[in-house]
Amino acid sequence: MIGRIIRIISNQYLVADKDGRRVECVAMGKVRLQDKPRTGDWVEYTDFGDQTGIERILPRKNSLIRPPVANVDQALIVMSAKDPDFSCTLVDRILFLIVNASIQPVLCITKMDLVQAQDPVYAWIEDYRHSGYEVVLSGREELDENLAGVLKDKVTVLTGQSGVGKSSLLNKLNPAFQLQTQEISKALGRGKHTTRHVELHEVAGGWVADTPGFSSLDFSRMTPTELAQSVPDFAPYLGKCRFRDCIHQNEPGCAIKQAVEAQQVSRIRYADYLDCLTLVQGRKEKY
């Protein structure tokens, strides 16, 4: 039998099969040798005695460390238009990390009812949409049908600022849904007392992880080349620079810098790329 792990508490695994049935499982010995199961894993399981055991973890298309979730389709970057104010810099740093993990980013901007029509956030929204990013807007009175469509048939993790309304956003789609990211985040950070509890909940026809997204903006493991490959705006121009080892900073004949000047690549995204490149170049090697 094949199913997806939708909850892990300690050594107990809740698996949902393709027909919606849910089965409590334990991990058999050979699985522990293969890898540590993660929420989102597709697994093979079977009955033995009075228990059901996971026999094998099927190949993953991706896997995150924080949160420990596998086979993620998309990351919803939830930011507010106001209180706290929208930040392109924060969005882009999260976005680069998401793309580097082979996950599709979707930007959701909440509290749109708090800004006027001339607010700068509308220019930023247009900049992201012009660059090909999916942007969903949410206000207090909206039904968020667009967001429901985004979540349908997908496994989604949430990330973004605290206080932007991630919980209330999903509660509008499913009033029974309770997202307790802060409590879970604290539990996961208690060292020896940690209880590993990551769960996928059904929301709007899809699965949403009830744990924070990228818990730290850590670029220490990226190379300059990997960072450039993590900026979707750059994709059409990669490999077209004069020098093969171009990192799109000060080199002559850089196709990406030329695209920025021609307004084919967002100046905002390019500036945030340069800021992150400085972080990558300034990291201290550990031995």
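Modeller: Contact here means heavy atoms within 4.5 Å. By that rule aspartate 272 touches Cys88, Thr89, Asp92 and Phe96, leaving out residues up to four places away in sequence. Bear in mind that this is a predicted model.

Biologist: Where is aspartate 272 found, and why is aspartate 272 called buried or exposed?

Modeller: Aspartate 272 is found in helix 9, residues 267-281. Buried means under 20% relative accessible area. Aspartate 272 has 6% relative accessibility, so it counts as buried.

Biologist: Which side chains have a polar contact with the side chain of aspartate 233?

Modeller: Serine 131, at 3.2 Å, and arginine 269, at 3.3 Å. Beyond four places in sequence, aspartate 233 touches Ser131, Tyr133, Val265, Ser266 and Arg269.

Biologist: How do you know on which side of helix 3 the buried residues lie?

Modeller: The buried residues of helix 3 (residues 121-130) are Val121, Ile125, Asp127 and Tyr128. They cover an arc of only 160° around the axis, which puts them on the same side of helix 3. An α-helix has 3.6 residues a turn, so residues three or four places apart point the same way. On the other side of helix 3, Ala123 and His130 are exposed.

Biologist: What covers the buried residues of helix 3?

Modeller: The cover includes helix 2 (88-100), strand 7 (104-110), strand 8 (134-137) and helix 9. Just after helix 3, glycine 132 takes a positive phi of about 100°.

Biologist: What about strand 11: which residues are buried on each side?

Modeller: In strand 11 (residues 206-209), Gly206 and Val208 are buried on one side, and Trp207 and Ala209 are buried on the other, which leaves both faces covered.

Biologist: How do you know that strand 9 pairs with strand 11?

Modeller: Pairing needs at least two bridges, and two bridges join strand 9 (residues 155-160) to strand 11, so the strands pair. They run parallel, and valine 155 stands opposite tryptophan 207.

Biologist: What makes serine 10 and serine 102 worth a look in the backbone?

Modeller: Most residues other than glycine have a negative phi, and most peptide bonds are trans. Phi of serine 10 is near 55°, and phi of serine 102 is near 65°; both values are positive. Serine 10 is in the loop between strand 1 (2-9) and strand 2 (12-17), and serine 102 is in the loop between helix 2 and strand 7.

Biologist: Why is serine 10 called partly exposed, but serine 102 exposed?

Modeller: Exposed means over 50%. Serine 102 has 56%, so it is exposed; serine 10 has 49%, so it counts as partly exposed.

Biologist: Where is there a cis peptide bond?

Modeller: It joins aspartate 83 and proline 84, with omega at about 0°. Proline 84 is found in the loop between strand 6 (74-80) and helix 2.

Biologist: Where is confidence lowest, and where highest?

Modeller: Helix 6 (residues 181-188) is lowest, at a mean pLDDT of 43, and helix 8 is highest, at 98. Over residues 180-195 pLDDT stays under 50. Where pLDDT is low, the predicted coordinates should not be read in detail. For the protein the mean is 85, and 87% of its residues reach 70 or more.

How values were computed
Residues numbered from 1 in each chain as written. Predicted model: local features only at pLDDT ≥ 70, side-chain atom pairs only at ≥ 80, totals over all residues. Heavy atoms only, no water. Buried < 20%, exposed > 50% of the residue type's maximum accessible area, 1.4 Å probe, protein only. Helix = DSSP H or I, 4+ residues; strand = E, 2+ residues; numbered from the N terminus. Polar contact = N/O pair within 3.5 Å; in protein donor to acceptor, adjacent residues only side chain to side chain. Arc of directions from axis to C-beta. pLDDT = per-residue confidence, 0-100.
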